[in-house]
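Here is a structure to read through slowly, one question at a time. Keep the sequence and the 3D view side by side as you follow each answer.

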Amino acid sequence: MTEPQETAAAAAVELHGVSKTFPGRRDAVVALQDIDLTVGPGEFVSLIGPSGCGKSTLLRIIADLLSPTSGEVHVNGKPARRARLDQDYGIAFQQAGLLDWRTVLANIELPLELHGVDRGQRKARALELVELVGLADFAKHRPPQLSGGMQQRVAIARALAESPTLLLMDEPFGALDEMTREHMQNELVRIAGDTQAAVVFVTHSIPEAVFLSDRVVVMSPRPGRIAEIVPVSLGPRTDDTREAPLFYAAITQVREALRGRPVPETVEVGVSIEQADRERAQGAL
Amino acid sequence: MNPSLRRVGGTLLPPLLFGVLFLAGWQGFVRAADVRSYVLPAPSDIWSAAVDAHTRIIAAAQTSGLNALVGLVAGVVGGVLLAAIATRLPVLGGAITPLVAALAAMPIVALAPLLNNMYSPLSSLPRREVVAISAFVPVFINVLRGLSRITPVHRELMASYAASGTAVLRTIRVPSALPYFFTGLRVASSLAVIAAVVSEYFGGLQNGLGSRITSSVGATDYPAAWASVLGAVLLGLLFYVGALLLERLVLGRRAAPVT
């Protein structure tokens, strides 16, 4: 079999029969079993599940920070390792992981600097990105002077530095308070829309997964596998989305899937978008 | 008074006041109780002895200071290099680290008489070696700790950038080890002066502060001995402040050093 060529149509992520076993002292731990998943270009997909379901492991396999025990991983139509070497993805973790001795700008420039982009271009790109994440006034600050939410925004800007077509995020808002969190979610929706990047987003917050995603991948633990994939069609996200009945319906659907119950067929996606739009229009009046 | 001046005043004033009170108490006690000068001379006697012999004390301080400086530089360079090697080659690191821990537990100036025997009695080398070994230990231990402290987030981030080991060293390990290095340097600079002075107690060249202290005591000129101790205290302060200034200069506005 030949490797599929990288084309505009290549999936952002393609997983086939991915399994991961961690060798243990007494017995091996099966972290992931037989995962098949495709994330389209520009698609926003969340991985959700209880602790130990392997969602973070799966993200790291996509990032080629871990290698699968078996199965195939393609990013942008290339093997995961090639995609990592080519910097096809940007990544953000729960901890911002900024370098405290560098300014905000210099932190955002880090990946560009490591890959030999010249000073002028680096600076221009970093200035663009602080603007994008709304931190232009803090460009010269150092991370310890920033709040947790601001630090996470710098980390996201850094992940976007090389204009990746795929953004991998491991509970990036997990350590933030609820208000900041919702604000960051709004920002992320906007940024993902602006950059046209596909996003794989690990979380264990159901509302967060539903608000952000085109599809929510519900995982079950021991061994980690995909229990169900819940498509979410809420149209363009706004603050009103969080109060729309459809939003709650989708949350219920994901929650039921997490509990492993059969999903009641309540959400009729095609009709509901119009309904949601009507409600939003009424809310605006 | 502007705020920065007030802050300096706030940090300097209490110790200064305490020092003056302490000296006044010392002076008063010695005079009132008529303490003999071989037990404890009055600060005023020490001061006049220091003023009398100041050219010789300064010359002696220069000799001891040079020994301390040369030994300190050698120890710091050795400590940093070995720590870097131990970080890159963990097997070697595992072999060296326990030995350095043993070295740290040993009173290093105890080596002075033995090292003296190895060289000509006119050589400054044995003293500088004692200083170098004393300074090496805290620098090695701190730099090693600083270099090996890389958080899992940074490790994964650098892996996602496909960054080489050298790039990780340059962008993460060295900058995050710098505060540790300076902590080690501050400890080492004080130790260097102590080691330089004390290593002169065991014979050899008679040109440093330590030699002046022993010879003054031998000649029962206690205020002169104390005057040389004063010289050693000032020399030690000079080294410590030098290390502190270097730290401020390099780290600038970075977070306060980790101790």
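Q: Is the crossing of helix 8 of chain B and helix 10 of chain B left-handed or right-handed?
A: In this predicted model, the axes of helix 8 and helix 10 (residues 222–251) of chain B come within 9 Å of each other and cross at roughly 165°. For helix 8 of chain B and helix 10 of chain B, the crossing is right-handed.

Q: How many residues of the contact of helix 8 of chain B with helix 10 of chain B are nonpolar?
A: Among the residues that meet are B:Leu178, B:Phe182 and B:Val193 in helix 8 of chain B, and B:Leu235, B:Phe239 and B:Leu244 in helix 10 of chain B. The contact of these two helices also has 4 polar and 2 charged residues, while the number of nonpolar ones is 15.

Q: Which helix supplies the largest share of the side of chain B that touches chain A?
A: The contact takes 15 residues from chain B and 15 residues from chain A. On the side of chain B, helix 7 (152–160) and helix 8 (165–198) each supply at least two residues. The largest share, 6 residues, comes from helix 7 of chain B.

Terms used
Residues numbered from 1 in each chain as written. Chains lettered and ligands numbered in written order. Predicted model: local features only at pLDDT ≥ 70, side-chain atom pairs only at ≥ 80, totals over all residues. Contact = placed C-beta atoms within 7 Å. Helix = DSSP H or I, 4+ residues; strand = E, 2+ residues; numbered from the N terminus. Axes fitted to C-alpha atoms, helices over the stretch in contact; angles between N-to-C directions. Left-handed = near helix turned anticlockwise from the far one by under 90°. Nonpolar A, V, L, I, M, F, W, Y, C, P; charged D, E, K, R; others polar.
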